[in-house]
Structures are given as C-alpha cells and as structure tokens.
Amino acid sequence: MPVPVIMPKFSMTQEEGRVMTWLVAEGDIVEKGDPLLEVETDKVTMEVEAPESGVLRGVSVKEGDVVPVTAVIAHILLPSEAWSPEPVKATPVARRVAAAAGVDVNDIPASAGKVKRQDVEAYLGKVRATPAARRLAQTQGVDLTAVNGSGPRGRVQAGDVFSRVVVSPVAAVSAMRRTIAERLTRSYQTIPHITFTVTADMTAVADLRHRLNAPRDGVKVSVTAVLVKVCAWALGRHPLLNSSWQAEGIQTHEQVHIGVAVALDDGLIVPVVHNAAQLGLTAIAAQVQDVTARARNGRLQPADVQGGTFTISNLGMWGVEQFTAVINPPQSAILAVGRTIKQPVVVETTGGDEIAIRPIMKMTLAVDHRIIDGAVAARFLQDVVAALEQPDRLLW
C-alpha cells in the first residue's frame, strides 16, 4: 500500500510550509530517511525525509507552493506496487473555478485532504487579499503570492504584507556623527532655546567686498568673514552673548573666539577663529579661508576646533533662505545665516519713501534663555544689523 508523504509539522505553532526544493524526482528510488525535499517554515528551512523505502510517486505540489501541515504531497510505492492515484476530492466551487480557468482539478494540491477554492486560486496565482493589503503590497513592492495570509481562508491582511516589507539596514555612523548627535541632543535637552529672526540690507557689505576683493591676488573676503568681524564687534558690546552657563553661575569669556560651521561629507565641524575681536577683516578672511580648506581636507589640528565662545552657521551659499541652528554647548548663542536675495524694500529718502531693489539677508539667532533674555538678544541683533548696513560703525 502506498505510504503517503505529508507536509510535516516542525513546531507547535506551524500551520503550513513552503516547498523550497524537491531533492528527488518523480519515479526516483529512495531509501527510508533519504531527504526528499526542503520545506521553509516561518522560522527555519528543514529537510523532509522519506518515510519508507521505495519509489517516489504522486508528487502533487511544486516548488514554491505553500501547503498546510499534514497535507499529502506525494507517495512512496514499493517496487512491486503500481501507481494508481485516487481521484482528487474537491469542493463543487473549486471544481467550477478550476473548470472556468481550464485547469485539471487533479493537478491542484489539496489542503486538508480536499481541494478548495483557495487552493485553485493559489494554483492559478491568484491571491486572496484585502484592498489595504493590495495597496500596501503595490507601494512597498511586495509579491502577494509570497505572503502567507492570516485572515479567513488564508486571506492576506495588511499586517501580513507589512511583515514582509524589507527594512533598510541601519548604517554604522562615524565617530564624528556620533559626537554631533550626542552634543546636539544634550544641547536640546538641557538648554532652553529661544530664537529671533532679523533681516539686513547687504548693500553696504556688497560694496565693501567689491572694493576689498578687487585685487586679483589678495585674500577674498567672504560674507562669512564679514559676519565674523561684525559679530566679534557686537559681542564686545553684549558680553552675555559671549558667555557660558556653569553650575556656579554665568561665565563671561574675556576673549571672543568665533566658530564657523563647515559642512563635510560625513558630518559637521566648527573650526574657530581665535581672538576675532583683535583681528582685521582681511586677517579674519584669511583664517576663515584657511580653516575651511583644512577642515574639508581633514587637516585640522585639535587647537583649531577648541575654545569657541560663539558660532556662526552660514547656509546661504546653498540657497537656504532661513533656518534655526542648535546651540553648540557650552556656548550661549549661535547665529544661523541664510542667503542674500534681491527684494523690493521701502527706503527713506529726502523726498519721502521709495521702493528700491536691495540685497536682503535673513539671520536667526538662537540663545540660551537661562543667560540671555529677549531684549538682550534683540539689542545684539540690532547692532549686528546696523554694522552690516553701516560697516563704518566698526571704526567707532
């Protein structure tokens, strides 16, 4: 009598298995214990062994099919036995669906000993799935035929599809990125930020740069260099912006060391222009140019990034109009600078108000509210804007 080969139950929770590979072919002679096929469950891939010695006959499932546990998937015949497959049991609905599709119901693997409608649909490549599951599968690129349905009669639910969505691997981060994450997280968690945005007419700065940058072989004065000079001057007038919150109280720094944020491919670094208040504009421009180049070439020294008391982050060269930066602890303030855009503005003339096209730049100052109140920050920004619009103030 033919010995049935069934889909085994490898664990208490297993309800079905996927046929991965047939290791022997129909008609091959096998010995008891020989591996017949590989089956994948939700946890492992296991081999199914021949339950008896004989000839493999009546293979009823193909590779890739999902079969309920205990379902008969083949038979082992003794050499003297003839193979006469029994008529397949099938529900009337399954027979009608199979007939409409032009397939022989005897070729369809049966679940639980009888071919049902879902067996026919699975054989035809049709998958019973909810609309939400189909939408999710389409947007996530999931093959519904590879999803085991947990709904009634094996219907695929959205949760079944979601469980097959491939999650992007987590990339390891550099030491620099980890340090940035730790410092800025600590900054946001411990420093009460308040922010203030102002605009400045950059006409005078443009004229100043045009005159200073006219010599072809001289150091080019950038907007960032002008901002370093202006902020250094303004910090001297508003020392709370050049201070740090300490456990013992507020530490006001005697020197002005301005950090200039430089974006790198793998992070952000802030080299420092030390003693900026004592430097001329061209000297500041040379330092900014030098530390920026060395930062991008990975040639900064530890001293280049230490001791900053205030930071400027300028994203205007990348077209950013306005943004808010996170304070770089233990500093008490950071100035975020946007790009300069030509805009129509109202200007006062001896003949009255007129509309003029002027280069306008937005800046957002974030300060530590434990140290700096709104009025203090506003007066600092007022001086910064005034110095940008009238650089002669730096000589006063």
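How many bridges join strand 17 to strand 18? I counted 15 bridges between strand 17 (residues 333-349) and strand 18 (residues 352-368), and the two run antiparallel. The model is predicted, so I noted that local features need pLDDT of at least 70, side-chain atom pairs count only at pLDDT 80 or more, and totals for chains, interfaces and linings use all residues. Residues are numbered from 1 along each chain as its sequence is written, and side-chain values use heavy atoms, without hydrogens and water.

I checked the terms. Helices (H or I, at least four residues) and strands (E, at least two) are DSSP runs, numbered from the N terminus. Two strands pair if DSSP finds at least two bridges between them.

Strands 17 and 18 form a hairpin, with two residues between them. I found P344 opposite I357 in strand 18. Strand 17 also pairs with strand 16 (residues 310-314), in the parallel sense, over four bridges. There T311 stands opposite I334 in strand 17.

Next I looked up the helices. The axes of helix 7 (residues 223-237) and helix 9 (residues 374-389) come within 9 Å and cross at roughly 135 degrees. Axes are lines fitted to C-alpha atoms, for helices over the stretch in contact, and angles run from 0 to 180 degrees between N-to-C directions. Helix 7 and helix 9 are therefore oblique to each other; under 35 degrees would be roughly parallel, over 145 roughly antiparallel, and 65 to 115 roughly perpendicular. The contact (heavy atoms within 4.5 Å) includes W233 of helix 7 and F380 of helix 9.
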